[in-house]
Structure formats: C-alpha cells, structure tokens
Amino acid sequence: MKTSWLAAAVLITSVYGATARAEPSLASLDPYIQRAVQEWRVPGVAVGLIHGGKTVWSKGYGAREVGKAPRVDAHTLFEIGSLSKAFTAAAIAILVDEGKLRWDDAVIDHLPTFQVADPWLTRQITIRDLVSGRTGVEGGVPALVPMDTRGVVRLAAHLQSQSGFRDSLLYSNVMYDIAGEVVEAVSGLSWAEFLQRRIFAPLRMDESSPSADTAGFWDADELAPSMYGQARAGVVSIEDAPNANVAMPHWQTPGGLKALPWQISHAGGAGSGSVVSSLDDLLKWVRFNLGDGRAADSRVLMQRQTLDQLHTPQIFVRKPPSSSFTLVKAAIDAVSPSDRQASYAMGWFVQGYRGYSLVNHGGALLGGSSLIVMLPERDLAVVVMANSYGRDGQGLMNWAIALRALDALLAVDRHDWSADLLQGVQQRDSEANAAETRVQQSRLKGTRPSLSLTGYAGAYQNAQFGHIRVDVKGSELVLRLPGVFEWRLEHWHNDTFRLHVATSGVELMRFFVTFDVGPAAKVRSFDPGWLVFGGPFLPSPDASS
C-alpha cells in the first residue's frame with residue numbers, strides 16, 4: 001500500500017509541476033480537496049503546500065470558468081485582493097531597511113497631502129498605524145467609485161474615526177492605499193513599479209502583475225471599473241483573453257454559478273488589493289516570508305529582523321472584521337483551543353493554531369478568493385486560490401482546505417474542517433432565510449410612494465461619494481453612476497425602495513434605500529442603506545455626472 005500511494009504522489013507532482021516529493025501524510029489530501037470543491041460548489045481551485053522551504057504540493061482542480069474546458073493549474077492567474085496588503089507592507093519594510101523612513105514616522109512627514117477629518121489624528125498617524133489597522137479610520141467608497149490612489153488620499157480628508165485610535169483593529173483598505181502612496185513619495189517609483197522591480201523581479205514572480213488593468217490581457221471594456229462596477233462589455237469569458245491562463249470569478253445564483261468580469265481595484269494598482277498572481281508565484285512569495293529575507297539569487301532583499309516584524313502582532317482584534325473570521329475562529333477554537341488573542345501584524349493576521357502561531361491573510365475581489373496560512377515555527381504554509389466564494393459567499397472552502405493541509409503537514413489526526421464550516425454556514429443560511437421572511441412579513445401592503453417616480457429623479461451627492469443619479473427607467477427607478485453601474489430600485493413600501501446590486505446580469509445583494517420627503521413634496525435626502533456609499537445623499541444641482 002505504501003508503495004502505491006507514493007507512486008501516485010510522484011505522478012501528481014510530476015504532472016502539476018511541484019518541485020519536491022509529496023509527503024506520506026498527504027495521501028488523503030487529494031480526495032478531500034476534490035470533495036470540498038464539490039461540497040462548496042466552486043468551479044476551480046489551486047492548492048500549494050510548503051514544507052521545510054520546499055514546495056511539496058502544487059495542483060489545480062476544476063475549471064477556470066464554469067462550463068468551459070480549460071482547467072486550473074499552478075500557473076492560472078487570479079486577482080488576489082487583500083493578499084496585496086502584505087506586498088505593500090513589504091515595500092515599506094524595504095524602505096525602512098534602506099533608512100528612507102521609519103515605522104513610527106508620521107505619515108505627513110512623507111506625504112504632506114495626507115489628512116483625515118480630525119486634524120489631531122492626522123498629525124498622530126504613523127506609517128506603522130497605516131499597515132497595522134490601528135488608525136480607527138476606514139471608508140468604502142472606492143469599492144464603488146473608480147479612482148486612483150491619489151483620489152483615495154483626497155477621500156481620506158472626509159473620513160471620521162469609526163473606532164478608537166490604536167485601540168483595536170479596524171481593517172482599512174483606504175489606509176493601505178495611502179501606504180502605497182507613501183511608497184511612491186519616498187522611493188520615487190509608483191507603488192506598481194516598486195512591486196514589479198523590487199519584489200516581483202528579485203523573487204522571480206514572473207507571472208504576477210500589480211493590477212488587472214496593467215496586466216495586458218483584458219481590453220478596457222472587459223474590466224469592471226470598480227469592485228461593484230459593471231464592465232461595458234457585459235458578459236466576459238476566458239475566451240476574451242485567449243492568450244492568458246486566467247480564472248474567471250463566479251457568483252452563486254439560484255440558477256447556478258455565473259461568471260463575472262475581473263475588476264479594477266484602482267486605476268494603475270492599489271496597495272490594498274489589486275495584485276494579480278498565480279499559485280506558482282505565491283509559493284515563491286511564501287517561501288520568502290518563511291525564509292531569511294533573501295531573493296531568488298541569494299542576495300538580501302530584506303533584513304531578517306525586518307521580515308520577522310511584518311509577522312509580529314501590532315494590535316488586537318477585539319471586533320471580528322467579518323462573519324467568516326468569526327466562523328473560522330470558532331471552528332479552530334473547538335478543536336485547538338488557544339489562549340492567544342487574535343491580532344493583526346503588518347498585512348497579516350496572527351492567531352493560535354495547535355500550539356503554534358498561525359500567520360495568515362485572505363484576499364478577495366468580487367467572485368474569487370485566495371488564502372495564505374503559515375506556521376513559521378514549523379516552516380509550513382498552504383496557499384489556496386479559488387474562482388468563487390463558494391456556497392457561503394465568504395471563501396470558507398479555502399480555510400477548510402488550508403486547515404486540513406496544515407494538519408497533514410503536522411501529522412496530527414485528520415479533522416473534517418469542511419464539515420465543521422459547512423455546519424456553521426448552514427446555520428447562518430437558516431438565520432438569513434428567517435431574517436428575509438421577517439422582512440417580507442413586515443412589508444406594508446398596498447402603499448404607494450409619496451411622489452411620482454419623476455419626483456425622486458435627479459442628481460444627489462455626499463462628501464465621500466460625490467455625485468450619483470436617480471433616474472426613471474420604464475416603470476421603475478434606477479440608481480446610477482454613469483459608466484460604472486445602474487441598479488434597480490424596486491418600490492417596497494411608502495418611500496422605501498429595495499436596491500438590487502448587480503453586475504453582468506447577476507444580482508449580488510440587496511439593500512433598502514429610504515427617501516426623506518419634506519412638506520414641500522420634495523426629496524430632502526435619501527439613505528442608501530449601505531455603508532460603502534459614505535452616508536446619506538442630498539439633492540444637488542444636476543451635474544454632468
């Protein structure tokens with residue numbers, strides 16, 4: 001029996017390009033991953049394992065696009081979302097090593113245009129605060145409105161504190177985009193150029209790009225202009241990028257999985273989440289993180305103590321940043337209790353796992369998710385890249401695979417993490433269905449809007465978002481940012497409408513929009529019901545937008 005599965009492991013590694021032998025304890029991993037892909041309804045996934053500084057597993061499963069023949073492999077390209085943050089923190093670390101800045105320098109010392117709404121806080125925020133989630137400031141508008149990172153710097157001036165300064169983690173994409181601007185201000189290279197020259201090239205990450213719009217395999221109209229924007233081409237397929245090995249993002253709908261376009265995080269790239277990479281390249285990145293700071297040619301890219309600091313906790317996680325974080329932590333605590341409080345380092349989360357420090361981070365853009373988990377004390381790591389969030393809508397399949405793979409590398413008793421996490425998802429789905437039932441039951445029947453539909457139409461604005469339009473389309477209203485999105489506003493009751501957020505014909509989520517109609521029978525404001533809009537909108541003079 002031993003000889004037979006070792007032979008199978010050798011076959012797997014030779015076919016999919018892993019650079020070292022597969023360990024005996026990995027024998028059950030292949031069927032587990034295949035089952036997880038089916039259970040979580042994910043079209044394709046790439047999985048890689050590091051042990052002792054070597055790749056011991058590198059394999060693709062499933063399709064790059066649902067219903068299409070091309071398969072995922074170790075060189076398939078994905079948008080890796082917030083895994084980009086660790087690259088941004090590493091860029092800062094390289095500049096620290098070079099003596100061009102210090103972690104505890106004030107941001108305004110290097111980027112004088114930086115400010116948040118509170119002048120005192122503006123003066124206090126340091127480089128370390130930016131990359132460790134300690135500012136207490138965040139804003140979601142860039143997920144909707146196309147902008148470059150200079151636009152993000154301007155946006156920050158309108159952002160109020162949402163939690164105490166240096167009190168606990170407030171996960172912030174905006175602050176990471178600003179960190180990318182610091183890289184440019186200090187180095188003279190754009191964030192994208194710095195990553196390409198100073199990180200990707202030395203590590204021989206030849207398949208990686210700083211962003212989707214600079215990668216060169218999509219036409220401009222095939223890319224969504226923001227995370228929730230709509231590509232001008234409408235439906236986009238891998239067939240539109242015939243010379244690239246790309247995975248399409250997917251969304252679970254009542255009719256099955258539907259492909260979505262790739263999305264531009266920010267024009268030209270953004271420190272919070274725009275990197276494009278492959279499993280093969282991310283395994284190189286992980287080996288660097290587990291190593292001594294040397295590049296592929298053995299020259300020092302970063303001092304070892306600086307690299308270690310990137311993985312060192314900087315702030316506690318007192319409030320979970322997402323529901324998936326809560327589910328994963330509960331599942332881990334049930335099997336492997338730890339007295340280590342979850343924390344955030346610089347581009348990495350840190351928590352306990354089976355007596356070790358688990359350094360990890362996930363990344364997602366719409367319809368795809370990736371995950372890196374590392375146990376530096378054991379020189380172990382797992383990378384999982386998927387082209388769908390899966391049936392939970394949160395990317396939990398990646399955790400189910402990563403934890404099982406870590407257990408295999410640690411040679412501990414096998415545990416069915418997929419079953420545990422699916423149980424949590426099923427409970428949450430039941431709660432969500434019950435909540436929707438309550439929403440439907442609370443709907444007031446037979447009501448009408450206070451105004452004719454044209455009475456709601458017009459231009460609106462708020463300080464963070466800027467201008468947006470409400471227009472009449474047929475017998476309904478639509479919320480519209482021209483060239484970016486157009487979403488249905490379904491009348492619910494009285495002056496409340498249900499917003500249907502959609503892209504490429506796929507509905508993503510729903511929110512309630514409520515208009516405040518004054519005694520003069522005119523709209524005074526409307527609440528968009530979604531935090532990423534940046535607050536209520538007021539009527540504005542009809543602008544060209």
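Predicted model: local features only at pLDDT ≥ 70, side-chain atom pairs only at ≥ 80, totals over all residues.
Which backbone nitrogen lies 3.0 Å from a polar atom of the side chain of Ser-84?

Figure 1. The backbone nitrogen in question belongs to Val-275, 3.0 Å from a polar atom of the Ser-84 side chain. The side chain of Ser-84 also reaches the backbone oxygen of Gly-81, at 2.6 Å. Leaving aside residues up to four places away in sequence, Ser-84 touches Gly-271, Ser-272, Gly-273, Ser-274 and Val-275. Ser-84 has 0% relative accessibility and therefore counts as buried.

**Figure 2. The salt bridge between Glu-98 and Arg-198.** The closest N and O atoms of this pair are 2.4 Å apart. Glu-98 lies in the loop between α3 and α4 (107-110), whereas Arg-198 belongs to helix α9 (residues 191-200), so the pair ties together parts that are 100 residues apart in sequence. Glu-98 is partly exposed, with a relative accessible area of 35%; Arg-198 is also partly exposed, at 25%.

**Figure 3. The salt bridge between Lys-284 and Asp-280.** Here the closest N and O atoms are 3.8 Å apart. Both residues lie in helix α11 (residues 279-290), and because they are 4 residues apart, about one helical turn separates them. Lys-284 counts as partly exposed, at 21% relative accessibility.

**Figure 4. Packing of helix α15 (residues 417-442).** This helix of 26 residues reaches 38 Å from its first C-alpha to its last. Its buried residues include Trp-417, Leu-421 and Arg-428. The buried residues of α15 pack against α2 (29-39), α13 (323-335), β9 (349-353) and α14 (396-410).

Terms used: Residues numbered from 1 in each chain as written. Heavy atoms only, no water. Helix = DSSP H or I, 4+ residues; strand = E, 2+ residues; numbered from the N terminus. Expected span 1.5 Å × (residues − 1). Buried < 20%, exposed > 50% of the residue type's maximum accessible area, 1.4 Å probe, protein only. Contact = heavy atoms within 4.5 Å. Polar contact = N/O pair within 3.5 Å; in protein donor to acceptor, adjacent residues only side chain to side chain. Salt bridge = Lys/Arg side-chain N within 4 Å of Asp/Glu carboxyl O.
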